[in-house]
Amino acid sequence: MISEHAPAKINLALHLRRRRADGYHDLESIFAFTDFGDTLSGEVADGLSLALDGPTAAAADVGDDNLVLRAARALAAAAGIATGARLHLHKRIPVAAGLGGGSADAAAALRLLNRLWGLDWPLERLAALAGPLGADVPVCVFSQTRFGAGRGDDLAPWPHDVAGTPVLLVNPRVAVATGPVFAGWDQIDHGGITADAPLRDLRNDMTAAAVALQPVIADVLAALAAGGEASLVRMSGSGATCLALYPDVAARDAAAARLAGSDWWLCPTRII
Ligand code: C5P
């Protein structure tokens, strides 16, 4: 039995540029990953199977179109593998939360089965296979801070080292579907991401559309900003999870303690 960590994805910035003819959007984003995530484990078996448990397993899709199983089938087909696997996912990442949980799990499946089946493919080759599974799956294969353009899968290094930065994730326990948030974007292009701009000057262009669907997101952003300790407060992905970055663990934990009376989901973690 071997295991893979499936780190949650956060967007330190997410700039929308244009709506494309294929229904997707060209965007620019700084992706980062947290210590917090799901755990996928597996062993060789006849056929493919997936069992789920964990605090957010009930909200996850356990059917045949689960992204973990789709990733496994895609890798088996590409590698000509007839061996199966018995997979087990311990799900902690909130579902439909802007944290890329399903994408992280699919990417973890590619990495795990790459080892379990003795393929030894480089991550780049796994990432190339990941695009059809979802726009965020290729970056999740690397699970390292990256700049993404196009659908989010045209990846480049990000020149600033943010590893170790303390993060507080806050979700007001409302699920937000990605498609309607993209559809609610006002289609005004406010410009791209430049590496020399301070993170604070960058944006998440999905915020207004997400707040229109779930106004409580504005309360989360205001509560995170209120303490004044955070160096950055931003919604992640299409929401509803918001993130705050802190100069040190004490400041992060003080912010978490301040919010502990709410019924929101709080997760103190750090960027990996
Ligand atoms: O690729 P994925 O299945 O994760 O995307 C979910 C939905 O998010 C898409 O169906 C599309 O509506 C939207 N999306 C988009 N532009 C992107 C990424 C996702 O419009 N770059």
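User: What makes a residue a lining residue of a pocket?
Analyst: A pocket is an open set of points on a 1 Å grid, with protein on both sides within 12 Å along at least five of seven lines. The model here is predicted. A residue belongs to the lining if it has an atom within 4 Å of a point.

User: Which residues line the second largest pocket?
Analyst: This pocket has a volume of about 190 Å³. By class, its lining has 7 nonpolar, 2 polar and 1 charged residues. The residues are T56, A59, P94, V95, A97, N171, R173, V174, A175 and W265.

User: How far apart are the C-alpha centres of the two domains?
Analyst: The two parts are domain 1 (2–157) and domain 2 (166–270). Their C-alpha centres are separated by 22 Å.

User: How many residues does each domain bring to the contact?
Analyst: Domain 1 and domain 2 have C-alpha centres 22 Å apart. The contact takes 27 residues from domain 1 and, from domain 2, 35 residues.

User: Which residues lie nearest the centre of the largest pocket?
Analyst: The largest pocket holds about 910 Å³ of space. Its lining counts 43 residues. Those nearest its centre are G100, G102, S103, D136 and T178.

User: Which helices and strands each supply at least two residues of the lining of the largest pocket?
Analyst: The lining has 20 nonpolar, 16 polar and 7 charged residues. Domain 1 and domain 2 both contribute to it, so the pocket lies between them. The elements are β1 (2–19), β2 (25–45), α1 (67–79), α2 (101–116) and α5 (178–183).

User: At what angle do α1 and α2 pack?
Analyst: Two packed helices are described by the angle between their axes and the distance between the axes. For α1 and α2, the axes are 8 Å apart. Their crossing is right-handed. The angle is about 35 degrees.

User: Which residues of α2 meet α1?
Analyst: The α1 side is L67, V68, A71, A72 and L75. By class, the contact of α1 with α2 has 9 nonpolar, 3 polar and 1 charged residues. The α2 side is G102, S103, D105, A106, A109, L110, L113 and N114.

Key
Residues are numbered from 1 along each chain as its sequence is written. This is a predicted model: local features need pLDDT of at least 70, side-chain atom pairs count only at pLDDT 80 or more; totals for chains, interfaces and linings use all residues. Side-chain values use heavy atoms; hydrogens and water are left out. On a 1 Å grid over the protein atoms alone, a cavity is a set of points where a 1.4 Å probe fits but cannot get out, and a pocket is an open set with protein on both sides within 12 Å along at least five of seven lines; lining residues have an atom within 4 Å of a point. Grid points are joined across faces, edges and corners, and a volume is the space filled by probe spheres set on the points. Helices (H or I, at least four residues) and strands (E, at least two) are DSSP runs, numbered from the N terminus. Ala, Val, Leu, Ile, Met, Phe, Trp, Tyr, Cys and Pro count as nonpolar, Asp, Glu, Lys and Arg as charged, and the others, Gly among them, as polar. Domain bounds come from an automatic or database domain assignment. Axes are lines fitted to C-alpha atoms, for helices over the stretch in contact, and angles run from 0 to 180 degrees between N-to-C directions. A crossing is left-handed if the near helix is turned anticlockwise from the far one by less than a right angle, and right-handed if clockwise. Contact means heavy atoms within 4.5 Å.
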